[in-house]
Amino acid sequence: MPESTLRFLGTTSDEGDCPTLYEVSGTDQILVQGDRVTDPEQLAELRHVKEHETFVTIPRSLLTRFAPRDEPREMIPFAQAARLFHEFKHTAWRLETRRGYATDRNSEKWARWKAGADITSEPFTSWHENIAAARAEGRRFERVRITDEPITEGQAFLLESGFVNVEAGEDIRVLTRNEADRLNLPNYDFWLFDSKILARFAFDDDDTTLGVILSEDPADIAAACQARDAAWHHAVPHRDHAQQLIAQPVPSAE
(Lines give C-alpha, C1' and ligand atoms only; values in the text may rest on other atoms or scores of the structure.)
Protein backbone atom coordinates (compact mmCIF):
# COMPACT_ATOMS: atom_id res chain seq x y z
CA MET A 1 0.00 0.00 0.00
CA PRO A 2 1.76 3.19 -1.17
CA GLU A 3 2.20 6.21 1.06
CA SER A 4 -0.56 8.77 0.64
CA THR A 5 0.20 12.14 -0.98
CA LEU A 6 -1.88 13.82 1.71
CA ARG A 7 -1.41 13.47 5.46
CA PHE A 8 -4.48 14.13 7.57
CA LEU A 9 -3.79 16.79 10.24
CA GLY A 10 -7.15 17.32 11.86
CA THR A 11 -10.78 18.32 11.58
CA THR A 12 -13.33 20.18 13.68
CA SER A 13 -16.22 18.33 12.07
CA ASP A 14 -17.94 15.56 13.99
CA GLU A 15 -18.89 13.89 10.72
CA GLY A 16 -15.37 14.01 9.26
CA ASP A 17 -16.39 15.60 5.96
CA CYS A 18 -15.23 19.21 6.43
CA PRO A 19 -13.54 21.42 7.44
CA THR A 20 -10.19 19.61 7.43
CA LEU A 21 -6.47 20.32 7.16
CA TYR A 22 -3.99 18.11 5.28
CA GLU A 23 -0.25 18.31 4.76
CA VAL A 24 1.01 17.66 1.22
CA SER A 25 3.71 15.03 1.76
CA GLY A 26 7.23 16.05 0.87
CA THR A 27 6.37 19.76 0.65
CA ASP A 28 5.70 22.73 2.91
CA GLN A 29 2.15 23.05 1.53
CA ILE A 30 -1.08 22.71 3.53
CA LEU A 31 -4.32 21.69 1.79
CA VAL A 32 -7.48 23.19 3.28
CA GLN A 33 -10.94 21.62 2.89
CA GLY A 34 -13.89 23.86 3.65
CA ASP A 35 -17.01 25.50 2.28
CA ARG A 36 -16.50 27.21 -1.07
CA VAL A 37 -16.88 30.99 -1.02
CA THR A 38 -19.67 32.08 -3.37
CA ASP A 39 -20.70 35.45 -1.91
CA PRO A 40 -20.11 38.02 -4.72
CA GLU A 41 -19.26 40.78 -2.25
CA GLN A 42 -16.62 38.68 -0.51
CA LEU A 43 -15.13 37.56 -3.81
CA ALA A 44 -14.96 41.16 -5.02
CA GLU A 45 -12.87 42.13 -1.98
CA LEU A 46 -10.19 39.49 -2.58
CA ARG A 47 -6.84 40.74 -3.87
CA HIS A 48 -4.59 39.47 -6.67
CA VAL A 49 -6.93 36.64 -7.61
CA LYS A 50 -5.60 34.20 -10.20
CA GLU A 51 -7.91 32.45 -12.64
CA HIS A 52 -7.12 28.98 -11.28
CA GLU A 53 -7.59 29.88 -7.60
CA THR A 54 -10.57 28.97 -5.46
CA PHE A 55 -11.46 30.00 -1.90
CA VAL A 56 -12.94 28.26 1.13
CA THR A 57 -13.90 29.25 4.65
CA ILE A 58 -12.94 27.31 7.78
CA PRO A 59 -13.35 27.92 11.52
CA ARG A 60 -10.53 29.76 13.27
CA SER A 61 -10.37 26.86 15.74
CA LEU A 62 -9.23 24.50 12.95
CA LEU A 63 -6.10 26.58 12.41
CA THR A 64 -5.36 27.18 16.07
CA ARG A 65 -5.68 23.48 16.88
CA PHE A 66 -4.13 21.75 13.88
CA ALA A 67 -2.06 24.12 11.71
CA PRO A 68 1.63 23.03 11.86
CA ARG A 69 3.89 25.40 13.77
CA ASP A 70 7.24 23.80 12.95
CA GLU A 71 9.03 22.92 9.74
CA PRO A 72 8.66 19.25 8.69
CA ARG A 73 11.38 17.06 10.19
CA GLU A 74 13.57 14.61 8.34
CA MET A 75 13.07 10.88 8.54
CA ILE A 76 15.42 8.93 10.82
CA PRO A 77 16.07 5.18 11.11
CA PHE A 78 13.64 3.43 13.43
CA ALA A 79 16.55 2.31 15.62
CA GLN A 80 17.25 5.92 16.54
CA ALA A 81 13.78 6.19 18.07
CA ALA A 82 13.95 2.89 19.96
CA ARG A 83 14.96 4.65 23.20
CA LEU A 84 11.44 6.10 23.43
CA PHE A 85 10.03 2.66 24.22
CA HIS A 86 12.10 2.63 27.42
CA GLU A 87 12.01 6.33 28.31
CA PHE A 88 8.27 7.12 28.13
CA LYS A 89 6.69 7.99 31.47
CA HIS A 90 3.04 6.99 31.12
CA THR A 91 1.73 5.64 27.80
CA ALA A 92 3.08 4.37 24.49
CA TRP A 93 0.14 4.20 22.08
CA ARG A 94 0.18 2.76 18.54
CA LEU A 95 -2.13 3.11 15.56
CA GLU A 96 -1.54 0.25 13.12
CA THR A 97 -3.15 0.73 9.72
CA ARG A 98 -1.45 -1.45 7.13
CA ARG A 99 -2.61 -4.70 5.57
CA GLY A 100 0.75 -6.37 6.15
CA TYR A 101 4.36 -5.69 7.15
CA ALA A 102 7.56 -6.84 5.45
CA THR A 103 9.25 -7.35 8.82
CA ASP A 104 6.59 -9.96 9.65
CA ARG A 105 6.80 -11.75 6.31
CA ASN A 106 10.58 -11.93 6.51
CA SER A 107 10.63 -13.33 10.05
CA GLU A 108 11.26 -16.87 11.22
CA LYS A 109 8.02 -16.69 13.18
CA TRP A 110 6.07 -16.06 9.95
CA ALA A 111 7.66 -19.15 8.36
CA ARG A 112 6.65 -21.29 11.34
CA TRP A 113 3.13 -19.87 11.27
CA LYS A 114 2.80 -20.60 7.55
CA ALA A 115 3.91 -24.16 8.28
CA GLY A 116 1.05 -24.54 10.76
CA ALA A 117 2.74 -23.77 14.08
CA ASP A 118 0.71 -22.37 16.98
CA ILE A 119 2.18 -18.91 17.69
CA THR A 120 -0.45 -17.82 20.21
CA SER A 121 1.72 -18.85 23.16
CA GLU A 122 5.50 -18.51 22.86
CA PRO A 123 8.46 -17.44 25.04
CA PHE A 124 8.84 -13.72 25.61
CA THR A 125 11.27 -11.76 23.46
CA SER A 126 13.07 -8.62 24.64
CA TRP A 127 10.10 -6.62 23.29
CA HIS A 128 7.66 -8.54 25.48
CA GLU A 129 9.96 -8.29 28.49
CA ASN A 130 10.03 -4.50 28.10
CA ILE A 131 6.22 -4.44 27.94
CA ALA A 132 6.00 -6.54 31.09
CA ALA A 133 8.54 -4.36 32.92
CA ALA A 134 6.67 -1.18 31.96
CA ARG A 135 3.38 -2.71 33.07
CA ALA A 136 4.86 -3.60 36.46
CA GLU A 137 5.83 0.06 36.87
CA GLY A 138 2.34 1.28 35.99
CA ARG A 139 3.27 2.40 32.46
CA ARG A 140 1.04 1.30 29.59
CA PHE A 141 1.59 -0.08 26.10
CA GLU A 142 -1.62 0.27 24.06
CA ARG A 143 -2.42 -0.39 20.40
CA VAL A 144 -5.32 -0.20 17.98
CA ARG A 145 -5.07 -2.37 14.87
CA ILE A 146 -7.20 -1.60 11.86
CA THR A 147 -8.31 -4.74 10.03
CA ASP A 148 -10.07 -5.41 6.76
CA GLU A 149 -13.14 -7.55 6.18
CA PRO A 150 -12.12 -10.23 5.44
CA ILE A 151 -8.78 -9.88 7.21
CA THR A 152 -5.61 -10.14 5.14
CA GLU A 153 -2.95 -12.77 5.63
CA GLY A 154 -0.74 -10.24 7.38
CA GLN A 155 -3.54 -9.27 9.74
CA ALA A 156 -4.30 -12.92 10.50
CA PHE A 157 -0.66 -13.40 11.50
CA LEU A 158 -0.78 -10.36 13.79
CA LEU A 159 -4.04 -11.58 15.31
CA GLU A 160 -2.45 -14.83 16.43
CA SER A 161 0.95 -13.42 17.41
CA GLY A 162 -0.78 -10.66 19.38
CA PHE A 163 -1.78 -13.07 22.14
CA VAL A 164 1.79 -13.03 23.46
CA ASN A 165 1.78 -9.21 23.51
CA VAL A 166 -1.45 -9.25 25.50
CA GLU A 167 0.02 -11.82 27.91
CA ALA A 168 3.00 -9.51 28.44
CA GLY A 169 0.66 -6.68 29.38
CA GLU A 170 -0.05 -4.75 26.17
CA ASP A 171 -3.66 -3.67 25.67
CA ILE A 172 -4.44 -4.39 22.00
CA ARG A 173 -7.77 -3.46 20.47
CA VAL A 174 -9.12 -3.89 16.95
CA LEU A 175 -11.13 -1.63 14.67
CA THR A 176 -12.50 -2.45 11.22
CA ARG A 177 -11.31 -0.32 8.32
CA ASN A 178 -14.86 0.73 7.52
CA GLU A 179 -15.22 2.08 11.05
CA ALA A 180 -11.82 3.75 10.87
CA ASP A 181 -12.84 5.48 7.65
CA ARG A 182 -16.10 6.59 9.23
CA LEU A 183 -14.14 8.10 12.11
CA ASN A 184 -11.78 9.80 9.63
CA LEU A 185 -8.73 8.24 11.27
CA PRO A 186 -5.28 8.78 9.74
CA ASN A 187 -4.16 6.28 7.10
CA TYR A 188 -0.60 6.05 8.45
CA ASP A 189 1.04 4.21 11.35
CA PHE A 190 2.39 6.03 14.37
CA TRP A 191 3.45 5.72 17.99
CA LEU A 192 2.40 8.44 20.44
CA PHE A 193 4.50 8.70 23.60
CA ASP A 194 3.02 10.42 26.67
CA SER A 195 0.73 12.49 24.41
CA LYS A 196 3.68 14.71 23.51
CA ILE A 197 6.06 12.88 21.12
CA LEU A 198 4.82 11.48 17.80
CA ALA A 199 6.76 8.90 15.80
CA ARG A 200 5.18 8.52 12.36
CA PHE A 201 6.26 5.57 10.21
CA ALA A 202 7.23 5.74 6.55
CA PHE A 203 6.93 2.61 4.36
CA ASP A 204 7.73 1.71 0.78
CA ASP A 205 5.30 -0.04 -1.56
CA ASP A 206 6.47 -3.45 -0.29
CA ASP A 207 5.53 -2.64 3.34
CA THR A 208 9.18 -2.22 4.35
CA THR A 209 9.80 0.33 7.10
CA LEU A 210 11.93 3.16 5.73
CA GLY A 211 12.14 5.07 9.01
CA VAL A 212 10.17 7.34 11.32
CA ILE A 213 9.56 11.06 11.55
CA LEU A 214 9.56 12.44 15.09
CA SER A 215 7.47 15.48 15.98
CA GLU A 216 6.50 17.48 19.02
CA ASP A 217 4.54 20.01 16.97
CA PRO A 218 1.33 20.83 18.90
CA ALA A 219 -0.73 20.38 15.73
CA ASP A 220 0.68 16.89 15.12
CA ILE A 221 0.16 15.91 18.74
CA ALA A 222 -3.41 17.25 18.81
CA ALA A 223 -4.30 15.28 15.66
CA ALA A 224 -2.75 12.10 17.07
CA CYS A 225 -4.58 12.50 20.38
CA GLN A 226 -7.85 13.04 18.56
CA ALA A 227 -7.27 9.88 16.52
CA ARG A 228 -6.32 7.92 19.65
CA ASP A 229 -9.43 8.94 21.57
CA ALA A 230 -11.78 8.10 18.69
CA ALA A 231 -10.09 4.78 17.87
CA TRP A 232 -9.82 3.65 21.49
CA HIS A 233 -13.48 4.40 22.16
CA HIS A 234 -14.77 2.31 19.25
CA ALA A 235 -12.21 -0.52 19.08
CA VAL A 236 -12.88 -3.94 20.62
CA PRO A 237 -10.43 -5.95 22.77
CA HIS A 238 -8.06 -8.29 20.93
CA ARG A 239 -9.48 -11.44 22.51
CA ASP A 240 -13.07 -10.53 21.62
CA HIS A 241 -12.08 -9.92 18.03
CA ALA A 242 -10.08 -13.14 17.90
CA GLN A 243 -13.01 -15.21 19.09
CA GLN A 244 -14.92 -14.10 16.02
CA LEU A 245 -12.15 -14.50 13.44
CA ILE A 246 -9.42 -16.92 14.47
CA ALA A 247 -11.40 -19.93 13.28
CA GLN A 248 -12.02 -18.47 9.85
CA PRO A 249 -9.89 -19.62 6.86
CA VAL A 250 -6.71 -17.62 6.43
CA PRO A 251 -6.36 -15.88 3.02
CA SER A 252 -3.67 -17.36 0.79
CA ALA A 253 -2.22 -14.00 -0.26
CA GLU A 254 -2.22 -10.31 0.64
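Predicted model: local features only at pLDDT ≥ 70, side-chain atom pairs only at ≥ 80, totals over all residues.
**Figure 1. Edge-to-face pair of F85 and W191.** A search of the whole structure finds 18 aromatic pairs. In the pair shown here, the ring centres of F85 and W191 are 5.0 Å apart and the planes stand at 85°, so the arrangement is edge-to-face; planes over 60 degrees apart fall in that class.

**Figure 2. The aromatic cluster around F85 and W191**. One aromatic cluster is formed by F78, F85, F88, Y101, W127, F141, W191, F193, F201 and F203. F88, a member of this cluster, also has a charged neighbour: R139 lies over the face of the F88 ring, at 4.6 Å from its centre.

**Figure 3. Arginine over the ring of Y188**. R200 lies over the face of Y188, and the distance to the ring centre is 4.6 Å.

**Figure 4. Salt bridge between R145 and E96, with its network**. The structure holds 18 salt bridges. In the one formed by R145 and E96, the closest N and O atoms are 2.4 Å apart. The pair links distant parts of the chain, with R145 in strand β7 (residues 140–147) and E96 in strand β6 (residues 91–96), 49 residues apart. R145 has a relative accessible area of 9% and is therefore buried, as is E96 at 5%; the cut-off for buried is under 20%. Both residues take part in a network of salt bridges that links R94, E96, R143, R145, E170 and D189.

**Figure 5. Salt bridge between R177 and D148**. The side chains of R177 and D148 meet at 2.8 Å, N to O. R177 and D148 are both buried.

**Figure 6. Salt bridge between D229 and R228**. The closest N and O atoms of D229 and R228 are 3.2 Å apart. D229 has a relative accessibility of 46% and therefore counts as partly exposed. R228, at 19%, counts as buried, because the cut-off for that class is under 20% relative accessible area.

Notes:
Residues numbered from 1 in each chain as written. Heavy atoms only, no water. Phe/Tyr/Trp six-rings, centres within 6.5 Å; stacked < 30°, edge-to-face > 60°. Lys NZ or Arg CZ within 6 Å of the ring centre and 35° of its normal. Salt bridge = Lys/Arg side-chain N within 4 Å of Asp/Glu carboxyl O. Helix = DSSP H or I, 4+ residues; strand = E, 2+ residues; numbered from the N terminus. Buried < 20%, exposed > 50% of the residue type's maximum accessible area, 1.4 Å probe, protein only.
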